[in-house]
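Here is a friendly walk through the spaces and the packing in this protein. Have the sequence and the 3D view at hand as you read.

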Amino acid sequence: MGVYELLSSKEDARKGSPLCEFNGFLEDYLETIAEEDENKDVLAEVLNVDKDVKIIVNLRMGISRESISNQIIRYKDIFKLEDRAVEIPYVLYAKNDKEEKALILVGGDYVYAKGMYYSLTEPGSEFQNSKNDIVAMELTDKDRVKEVYSQLFTKRAGQIQRDLDRRHFSNYDESFAHALELSDGIRAELEEKLGEAEEKEELIRSCISRWFLIKKFTYVQYMVDKTILNTKFAGNVKAQRNQAKQNADSIRFVSISDMWRGKLEKPAEEVKPVAETPENDTVEE
């Protein structure tokens, strides 16, 4: 089953499903949101390109305990969140006579968009076989959303994604430094908001899901880089994997228990020595 058929099968809140708020034609969705909605204009531009495009709004994605990369990342707090921890704001999807394509749109940083892509398409997931038909980007790059959507059926998804990667980072080290900054920013947000937050649970869920996506990006982005594998590790996947794990461990977080107690004095854990990790981690782009 292709990505279009898989996404079409997801029932939405109108049918009592908790999986997503809306799943249907973009044209119909635009009629349900207010004119002042900050995303209405950019979505309307996509509709001008393709009248038959469909959209899923706030797709709630479960995180696999069995995933090898998630075991290596070992961010256990993500599994303490109920009701599917990660929410994808928008997924646009369409098909023609030969292909089915989808575009993930995230209202935050590009790192979160890639983290969602890696989680949605990881080995063992229902979208694993559709990983080459899905592109992820941030919705805040409004001038480029229409352009990227227009390329879905004219370019390979991997090529589009690599072009987006290069727009944001010149190399992995730059993306890693940015990931560390994002992580520190979440901690600063907690220090500012946690004490007076009316919706404390919502803030904590948001921080945990974002820390998970940063760790996911940090680990998988390193593992799929064949240039790093060949130039830095001479083809030794185990050595690459151990360094990827160290990178993910460097993304510091505050534990869920400390957040509930308002204890933010220090990170939840220090980077531990590199442990032996499973040999069959076959994450691919």
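In the class counts below, Ala, Val, Leu, Ile, Met, Phe, Trp, Tyr, Cys and Pro count as nonpolar, Asp, Glu, Lys and Arg as charged, and the others, Gly among them, as polar. This is a predicted model, in which local features need pLDDT of at least 70 and side-chain atom pairs count only at pLDDT 80 or more, while totals for chains, interfaces and linings use all residues. Residues are numbered from 1 along each chain as its sequence is written, and side-chain values use heavy atoms, with hydrogens and water left out.

**Cavities and pockets**

The search runs on a 1 Å grid over the protein atoms alone: a cavity is a set of points where a 1.4 Å probe fits but cannot get out, a pocket is an open set with protein on both sides within 12 Å along at least five of seven lines, and lining residues have an atom within 4 Å of a point. Grid points are joined across faces, edges and corners, and a volume is the space filled by probe spheres set on the points. Helices (H or I, at least four residues) and strands (E, at least two) are DSSP runs, numbered from the N terminus.

| Space | Volume | Lining by class |
|---|---|---|
| Largest pocket | about 470 Å³ | 7 nonpolar, 5 polar, 7 charged |
| Second largest pocket | about 360 Å³ | 3 nonpolar, 4 polar, 5 charged |
| Second largest cavity | about 30 Å³ | 8 nonpolar, no polar, no charged |

Let's start with the largest pocket. Its lining has 19 residues, and V86, E87, M116, S206 and S209 lie nearest the centre. At least two lining residues come from each of β2 (54–61), β3 (86–95), α5 and α9 (200–223), with α9 giving the most, 6 residues.

The second largest pocket holds about 360 Å³ of space. Of its 12 lining residues, R162, D165, R166, Q221 and D225 are the closest to the centre. Two or more lining residues come from each of α7 (157–168) and α8 (172–193), and α7 has the largest share, 3 residues.

There are 2 cavities of 30 Å³ or more. Around the second largest cavity sit V3, L7, V91, A102, I104, L120, F127 and I134; α1 (3–8) and β4 (100–106) each supply at least two of its lining residues.

**An enclosed helix**

Buried means under 20% relative accessible area, exposed over 50%, and partly exposed in between (1.4 Å probe, protein chains only). Helix α5 (residues 110–120) is largely enclosed by the rest of the structure, because 11 of its 11 residues are buried. Among them are K114, G115 and S119. At the start of α5, a side-chain oxygen of D109 comes to within 2.9 Å of the backbone nitrogen of V111.

**The core**

A nonpolar core is a set of buried Ala, Val, Leu, Ile, Met, Phe, Trp, Tyr and Cys residues joined through side-chain atoms within 4.5 Å. The largest one has 93 residues, and L26, L43, L92 and W211 have the most contacts inside it. Helix α9 contributes the largest share of this core, 13 residues. Which residues does L26 touch? Leaving out residues up to four places away in sequence, L26 touches L43, V46, L47, V53, K54, I55 and L92, where contact means heavy atoms within 4.5 Å.

**A partly exposed alanine**

A44 is found in helix α3 (residues 40–49). With 26% relative accessibility, A44 counts as partly exposed.

Definitions and conventions: A polar contact is a pair of N or O atoms within 3.5 Å; within protein, one must be able to donate a hydrogen and the other to accept it, and residues adjacent in sequence count only if both atoms are side-chain atoms.
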